[in-house]
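Subject: Structure handover

Hello,

Here is the structure we discussed. My notes follow it.

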Amino acid sequence: MVEKLKELWQKVVDWWNKFTSKQKTIIVGVAAIVILAFAILVMVLSQPVYTQLMVCDDTASASKIIELLEGQDITYQTSKDGLVISVLEEDYSKARLALGAAGVPTQGMTIDDVVSGGLSTTESDKQKKYVKYKQDELSSTIEIMDAVESAKVELSIPEQDGTLIASSQESSCAIFLKLNGDFTEEMASYIARFAATSLGNTTTNHITIIDSNGKLWFSGDNEISVGGIASSQLNARLQQEGEVINSVKRVLLGTGQFNSVEVACSLDIDFSSTTKQTQTYDAPAGRTEGMISEETIYNSESTGSNGGIPGTTSNDDTTAYEYADVSNESATESEEYRKYLPNTYTTTSEVPAGTINYASSSATITAINYNVINEADAENQGLLDGVTWDEFKAANSEAIKLTVDDEFYNAVATATGMPKEKITIMAYQINEFMDKESTGMAAGDILSIILIVLILGLLGFVVFRSMATKEAPQEAEELSVEDLLQSAPEIDVSDIEVETKSETRKMIEKFVDENPEAAANLLRNWLNEEWG
């Protein structure tokens with residue numbers, strides 16, 4: 001191993017000794033330039049990126065913040081005046097959390113900024129500062145919620161000019177949210193109520209909340225009857241449809257027969273609320289009737305006796321009035337009125353809005369099974385005999401419709417509660433073609449290779465140009481045998497063998513081919529010396 005290294009080192013030394021001093025200087029200079037270029041490139045790419053953390057009002061505040069950053073081992077840099085503090089981009093979040101834990105606000109206006117001001121500060125200027133302060137305060141508070149990534153608040157606060165109208169006006173608030181998690185209507189109403197309370201509003205009529213997708217989450221109590229109800233119903237429909245869609249996807253994908261499932265459903269949702277009241281009467285235990293609430297009893301009796309002869313005894317026989325004899329009389333009357341109180345049970349049931357009528361709802365499902373075909377496998381299976389890979393892909397690129405068994409319909413009907421006749425399932429098989437793997441390279445690798453090739457090419461070009469000798473046209477001059485022998489290397493004649501003579505002959509022939517004029521002059525001089 002050592003001998004090989006020595007041999008390799010000797011080859012390197014011999015290769016280096018081939019060059020002249022000028023060539024060696026050029027090679028060293030180019031190598032130094034290349035190394036310097038690489039060093040500059042690495043230094044530029046590895047330069048740390050700083051982000052401005054905050055701008056301090058005075059050096060005392062800056063010193064306090066720097067002390068906190070040093071305590072957390074956070075790298076920082078300051079401006080020339082020491083008031084602008086910047087930290088490494090990867091440490092920005094850590095620095096903000098550290099300052100927040102220490103009670104140092106990293107941004108936003110404080111209440112001191114609102115009330116402070118010189119003689120030139122007007123009440124209008126303070127009002128504008130107060131609006132900015134409230135906007136920052138509401139934004140930072142809303143951003144604490146886990147589902148909110150960022151919040152932007154715009155306020156319109158009536159100017160208090162001392163009039164009764166101005167004092168009774170409520171502030172308006174528009175909140176723009178960028179969400180990064182699950183956000184609900186209930187959370188939006190909580191934010192609206194919080195904003196109204198913070199602004200001193202008695203209602204949420206002038207609060208509007210939207211997100212970055214353009215969805216209206218809250219539009220104020222006074223708009224509930226118009227836009228609020230429509231938005232709530234739409235959200236309820238989307239939520240219920242989402243639950244149905246997820247149930248269907250879980251069922252069909254769980255079978256392992258399909259790779260992709262898309263579901264569209266039309267739910268019959270009743271958004272009207274219904275109240276039903278039922279009253280039940282029964283008698284107390286051991287009775288056939290209820291307790292008496294009122295009772296009226298009326299009885300009447302009447303009796304009579306026999307009467308005497310009608311008329312008077314002084315009457316003579318000329319006129320007589322006769323009446324039939326009357327016997328004893330009796331009359332009885334009875335009247336009863338009773339009002340009972342049976343046990344009464346009242347049942348009130350309310351059917352809330354948003355009830356789904358699954359019997360009249362429907363769903364359409366598209367299921368896809370991907371069949372992956374590798375180019376290498378297709379070649380091994382003989383599928384590409386007589387056709388190219390592109391022709392094979394074009395001939396088998398259309399989707400193949402599959403037959404759906406009844407068990408899939410039953411599974412969807414059980415999962416959703418819809419009847420089978422309201423469910424439509426379309427299944428297809430789609431071929432996915434995988435080309436042979438190629439040695440793909442990233443853009444950064446390609447750029448590095450190009451840079452290296454350019455540098456090596458530049459180095460090789462310089463070396464080649466430095467090694468190239470330009471033959472200046474020379475006039476034919478006579479060469480003597482002594483000059484030729486003096487320029488040729490010394491050869492030990494005793495050690496020359498057949499192979500050595502052959503190599504010498506080749507060198508002479510090459511010299512004659514490359515310098516015919518010089519060879520002719522040499523031969524002419526030689527002959528003149530021999531025959532002169």
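To begin with a side-chain pair: in this predicted model, the side chains of Glu-170 and Thr-202 form a polar contact at 2.7 Å. A second polar contact, at 3.3 Å, joins the side chain of Glu-170 to that of His-206.

Glu-170 sits in the loop that runs between helix H7 (164-168) and strand S5 (172-179). The residue is buried but has no salt bridge. Arg-193 has the nearest side chain of opposite charge, and it is 7.8 Å away; a salt bridge would need a nitrogen-oxygen pair within 4 Å. Leaving aside residues up to four places away in sequence, Glu-170 touches Pro-158, Asn-201, Thr-202, Thr-203 and His-206.

The other site I looked at is Ile-365, which belongs to strand S15 (residues 362-374). Its relative accessible area is 0%, so Ile-365 counts as buried. Ile-425 lies 60 residues from Ile-365 in sequence, yet the C-alpha to C-alpha distance between the two is 4.7 Å. With residues up to four places away in sequence again not counted, the contacts of Ile-365 include Val-248, Leu-252, Val-261, Glu-262 and Val-263. Val-412 is also touched by Ile-365, as are Ile-423, Thr-424, Ile-425 and Met-426.

On cysteines: a search of the whole structure returned zero disulfides. Cys-173 is buried, at 3% relative accessible area. Cys-265 is buried as well, at 13%.

Regards

Notes:
Residues numbered from 1 in each chain as written. Predicted model: local features only at pLDDT ≥ 70, side-chain atom pairs only at ≥ 80, totals over all residues. Heavy atoms only, no water. Disulfide = S-S within 2.5 Å. Buried < 20%, exposed > 50% of the residue type's maximum accessible area, 1.4 Å probe, protein only. Helix = DSSP H or I, 4+ residues; strand = E, 2+ residues; numbered from the N terminus. Lys, Arg positive; Asp, Glu negative; His and termini not counted. Polar contact = N/O pair within 3.5 Å; in protein donor to acceptor, adjacent residues only side chain to side chain. Contact = heavy atoms within 4.5 Å.
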